[in-house]
Amino acid sequence: MHLLVCGGTGCRASESSAILDNLKSVLEENNLENEVQVVKTGCFGFCEKGPIVKVLPDNTFYTQVKPEDAKEIVNEHIIKGRKVNRLLYLNPESKEHVSDSKHMGFYKKQIRIALRNCGFINPENIDEYISRDGYEALAKCITEMTPAQVIDVIKRSGLRGRGGAGFPTGLKWEIASKSVADQKYVVCNADEGDPGAFMDRSVLEGDPHSVIEAMAICGYSIGASKGLVYIRAEYPLAIERLKIAIGQAREYGLLGEKILGTDFAFDLELRYGAGAFVCGEETALIHSMEGLRGEPTVKPPFPAERGYLGKPSNVNNVETFANIPVIINKGPEWFSSIGTEKSKGTKVFALAGKINNVGLIEVPMGTTLREIIFEIGGGIKDGKKFKAVQTGGPSGGCLTEKHLDTPIDYDNLIASGSMMGSGGMIVMDEDDCMVSIAKYYLDFTVEESCGKCTPCRVGNKRLYETLDKICHGNGTMEDLDKLRNLSNVIRDTSLCGLGQTSPNPVLSTLDNFYHEYLAHVKDHKCPAGQCKALMQYTINPEACVGCTACARVCPVNAISGERKKPHFIDTTVCIKCGACFEKCKFDAIYIN
Amino acid sequence: MRNQIMELVKITIDGKTVEVEKGATIYDAAKLIGIDIPTLCYMNMGDMNIKHNPGGCRICVVEVEGRRNLAPSCVTPVMNGMVVNTHSVRVLNARRTVLELMLSDHPFDCLVCAKSGNCDLQSLAQRLGIREIPFQGEQSTYRKDTSPSIIRDMDKCIMCRRCETMCNQVQTVGALSAVNRGFQAVVAPAFEMNLDHSPCTYCGQCISVCPTGALTEVDHTRQVINALADPKKTVIVQTAPAVRVALGEEFGMEPGTIVTGKMAAALRKLGFNYVFDTDFAADLTIMEEGTELLGRLNKFLAGDKKVKLPILTSCCPAWVKFFEHNFPDMLDIPSTARSPQQMFGAIAKNYFAEKINVKREDLVVVSIMPCVAKKYECSREEFSTNGNPDVDYSLSTRELAQFIKQANIDFNSLDDEDFDRPLGESTGAAVIFGTTGGVIEAAVRTAYEIHTGKKLDKVDFQQIRGLENVRSASVDVDGFELKIGIAHGLGNARKLLEDIRDGKSEFHAIEIMACPGGCIGGGGQPYHHGDTSILKARFKAIYREDAGKTIRKSHENPYIIQLYKEFLGKPCSELSHHLLHTKYFDRQDDVFVD
C-alpha cells in the first residue's frame, strides 16, 4: 500500500510536510511502516482542495487533509479498511462523496502528458521515475536513433513551444542542429513569471527527471554537450529537487561522459534568475545568464545561430521538454492524434480567479473554454455570473461569453485577440471591472518592462496613466481613441514579445467591453462597482434607524445625524473606506 | 575576402529597386538610393570601428510587406525580394507616436539647454513637424550629477545608449551602463553614484555622441568673462593644436578649414592680454619626453635590465586617469612629463609672470582645449601652488565658439593675426599633437637628431600616420630599430597595456590618446553627429598646418632654446623636473558608493 502526499509548494504551505510526518509516525506506532509506504509527490493539480493525500492501490483521493487527520486515515482506512468520508471530495451537484479522482469533474476531461508523473512519483527518487519508463526515451535515442531521426520524430509529432509563441519545436531543433560550432547549448527556460501561473514550477517540483531526460535528448539531437536551466531564484523547492535529480542522474550515468556506454556526453548546470519577467524572453534570458543586463536584443540573430556566449543555443520551455520523452516512447503519431489540426498534444493551464476549482490542469488542445471553466473548473465561485477569462498571462487578452465555445489552440486564441502564452488562465465574474483589469495588467508590464525600447518604456506607462485617469472618472472620449492608437503602435513597434503583446489587455477589453469604458467616461460610473473614485456611499433614509453605528465607525467624521433619525454621508469628506457599509445592520447604506 | 564576389540581394524601397550586399540592413540599402530614414539611437562610425545599433529607439521603423509588425530598419537585414515602405501612413503614425512618447518624458527647456540647436531630438521633432504632445503624464526625474568635467542631466536621457557603447565597448572604461527597469531605466554609473566616484576618465566621448542635452561639459565661460573683466588680472590664453582645425565648423566653415589666424584675432578681441599657443608647450613636452625616452633607451642599450620600456606618452589626461584606475601596478611606465596644457601653465606662472612682473595670483591662465578632461586635469591638486592652479580655466572648442558668438564677433570676416611671443611660437612638430600618432612622430623627429647628431632628410614619417585603431611602426635610428606602437581609443590602449603586463610588448615607445582619432576627435570638439568624414578632414588639416610651418622640429623652436638658456637649464634638469614633470596615483580606491 502507498500513501501519496502532495509535496507541491501550495500543499506544503498548508502543512503537507506535517501530514507526511504524522502519517509516518502513526504507521510506526501501529508497526505498519513496512507494509505502507508514505511517498512525498509533486503537485496533483487540484490545489483548491489541497493538501491532497492519495491512497493506493484503491485510488482514494482525500482532500483538504490536516496534519491531525493522519491518525484517522491510518486507523480507519489502512487498518479497518473504511474510507474517511468526511475527507472525500463532495460532488457539488449530486452532493455525493467521490472517492476516485477519475470520477471528479476536475479530472474527467484531463489528459496528463507533461504532468504524467506529477502526483504519482516521489520526485526525489530517480528509481520511481525509471519505473514509469523514465530514461527509456533517452536510451532509445542515443542507442537506436540518429540525431536527424530524433528531430524528425519531434517534427512529425507537431509539438509547438509551450512557452507562449508556439514555434514548432522540431524545426527549432533542426535549425540549431545545422549551426556549426565547437560548442552548442541546450537551455531550459524555467523563468516562469506570469502572475498566478505555476505550470513549470509544478513540473520541476513533481517530475524533474522528465526535463533532464528531454534536455539530454535535445543535446544529442542538436550536438550540444552542455545544458543550462535558467530558473528563478524564487522557486527554491524546484531548485532543490532539480539539484537532487541532476545528482542522481549523474550517479546513474545518465548525465556526464559516456552516457549509457555510448560516446554521448551531456551535463547540466543551473542558472538563477532574479525574477525579471522579461528574462523569460529568450534573448534576455541568455544575456542574463551571461551576466549582462537582462534585456532582449533584436532577432536575427536567433539563439539557434548565436546564443549563449555567442554559441548556437536551443531554448525551450519546461513544459515543452516534459513532452519530449513521451513523444519518443509513444511515437509522433500517437502525440499528433491528440489536439487540433495545427496544435497537437495537450496544454497545461493554471486555472485561477473567480472559479470553484482553482488548480493546475492539462487538457487536449481543442478543449473549449466552456469545458475548462464550467466542467473542470466547476463554474464561477458563489454562483456569480461569468464575465471574462484572461488567457496568456499579463499580456494576453480578455475573452468573453462569445468565445466560450471556441476550441483552444494557438491560432484560435490569437484570432480571438488573446494568446496561449505560457498557460495562465484567470476567470473573472460580474464583480470585476474590465477597465481596472486592463489597468492591473498594464501596471504589471510597466513594472516589468526592461526600458530598452521607447514604445514599451514610455508607451505602456502612458497607457497605464490613461487607464488610471478613466478609472478615476476623468477620462474623455479622446482618451479612448488615444488608448487604441497607442496600443496599436506599441504592438507594432516594440522590440520584444513583452512590448508587442502588452497592449492586449487594453485592446481586448476595448473590443469586448467598450460599454464599460463608456460607462466610466460618459456616466462617470463603474458598472462593477470596483473603481473607488467612482463609488458613492449613500444612506437610505427609509431604512436608517439612526443607530449611529456608522457615524461612530467613520474614520473621517463624514457621517452626521441625530440619534434615531436618518443619517447622512457628506460625500465631499467620505474617503470610501467602506467601514460604514460593513457596520450597518439594517442594509441602509448602499453604493452608487 | 576582397576577391570574393559579394552576394547581392535585390530589394524594393518606396518603389525603387536596389541591389545591395547580403547582410546589409534596410537602413543601409535606403541610404544608397538617397532615402534618409530618421534614427536616434543608431550610430555607425564604420571607419573608426564604432557601431551602435541596439534597435531601441524605434524611430527608424519601416513597413515590410508580409511582416506582422514594423521592422527597425537599422538592424533588419535585407532579404531577396523584400518590399519596404518607409513612409506609409502606418509608419508615419507609428514613428510620430514613438517620438511623441519620447517627448512626453523629456523636459521642455530647449530655450536654456546647452544642446539647443545641436540636439538630434530637437531636429527630429522639427523634421516630423511635432506641434503638441498628445500624451501627458509623469516625467522621469533624476538627480543632476556634476563632476569636474561632465554634467549628467538624465531627465534628458532618451535611452539611446550611445554613451554606454562609447564608455564600455570603445573606451572600456565601464563608468556608464543602463540601470533600473522600465520607465525608470536610465544610463548611470553603478548604483547611480556620482560620476566623480566612478572610474570615469572624463574623456567626454559620451558627450560627443549624446543626441540630447543629457551629457554636456561643465561650462566655465562665465568665470573667464569675470576674470577678463577684473582690472587687477592679467589674463592669458593658450590654444591646443586640434582646436584650430575644428573651430571653423562652428561658424559654418567646411570641416578641415584651418582657422589659426582668425582664432588668435578673436581671442585678442575677447580681451585676453596675451594670446599664446599650447603648441609652444608641446614643443617643450617633446624636449622633456624625448630626453626621457633617450635616457631610458640609452640605459636599455647599455644592458640595464630594470629600465622601464616601452615608455608611454602622458599628454592625455583621460588616458592618465585611465591607467591610474586600471593599471595602478604600472604607474612607473608612462613618461613623467606633464601634458602641454600643464607645462604651459607652469611656465606661465613661474617664468612668464616674473618676466612681465605680475604676481602669480594676478595671472589668470585660460586654455582652449578640444577636450573636457582638461578641465579635470587643471583641477588636479599636484598642478597648483598654494591653492592657485597653474591653469585656472579650461574651455572646450565649443565653449570658445559660443563665447565668440556671444561677444558679437564676426569670426568669418576676421583678418588673420599671429600669436604673441614668447609663449606663442611653435613648430610643425607641435601642431601634429592634435591627431593620433602626432606626439610620437614629433618625438621621433627630435630624438633622432639629438641621438644621432644627424639632420633628418625627411621629417614626414608616413608609416606612423593613419586612423587605424592600433598601429605599429619602426624607425631606423642610425642602425637601431626603434619600435613604436600607437593606439587611440582607450579600449585599444587597454590591449597594448595588457600586452606590456603580460611581457608580450615589443615596443620601445607607445603613444596613447584616449579619444578615437586623437584630439581632433576630442570630447570638447564641435559635434560631428557620427560623421567620420569630419574627423578625416580635421586629420588632414593637422598635417597641412604642419607642412606649412617653417620650423618643424621642436628642438629648433628658438623660444624653447631661449627658455632653457634663460630659465630651465637643460631638459630633465632639476628645475624642469620640479615644474614640468609629475607623478601618478593609484586610483582604485577613488571608486566607491556614497
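**Exercise 1.** Find what share of the contacts in chain B between residues at least 6 apart in sequence joins residues at least 24 apart.

*Solution.* Start with the criterion: two residues are in contact if their C-beta atoms, placed from the backbone, lie within 7 Å. Keep pairs at least 6 apart in sequence; of these, 74% join residues at least 24 apart in chain B. The model is predicted: local features need pLDDT of at least 70, side-chain atom pairs count only at pLDDT 80 or more, and totals for chains, interfaces and linings use all residues. Residues are numbered from 1 along each chain as its sequence is written, while chains are lettered from A and ligands numbered from 1 in the order in which they are written.

**Exercise 2.** Compare the radius of gyration of chain B with that of a compact globule.

*Solution.* Take the radius over C-alpha atoms; the globule rule is 2.2 Å times the number of residues to the power 0.38. For 594 residues the rule gives a value near 25 Å. Chain B has 25 Å, which agrees. Its C-alpha atoms fill a box of roughly 80 × 60 × 50 Å along the principal axes.

**Exercise 3.** Work out the strand order of the four-stranded open sheet in chain B, and its edges.

*Solution.* Strands are DSSP runs (E, at least two residues), numbered from the N terminus. Two strands pair if DSSP finds at least two bridges between them. The order is β15-β22-β21-β20, with mixed pairing. The edges are β15 (311-312) and β20 (470-477), each pairing on one side only. Inside, β21 (residues 480-488) and β22 (residues 509-513) of chain B run parallel, joined by five bridges. Here B:I486 stands opposite B:E511.
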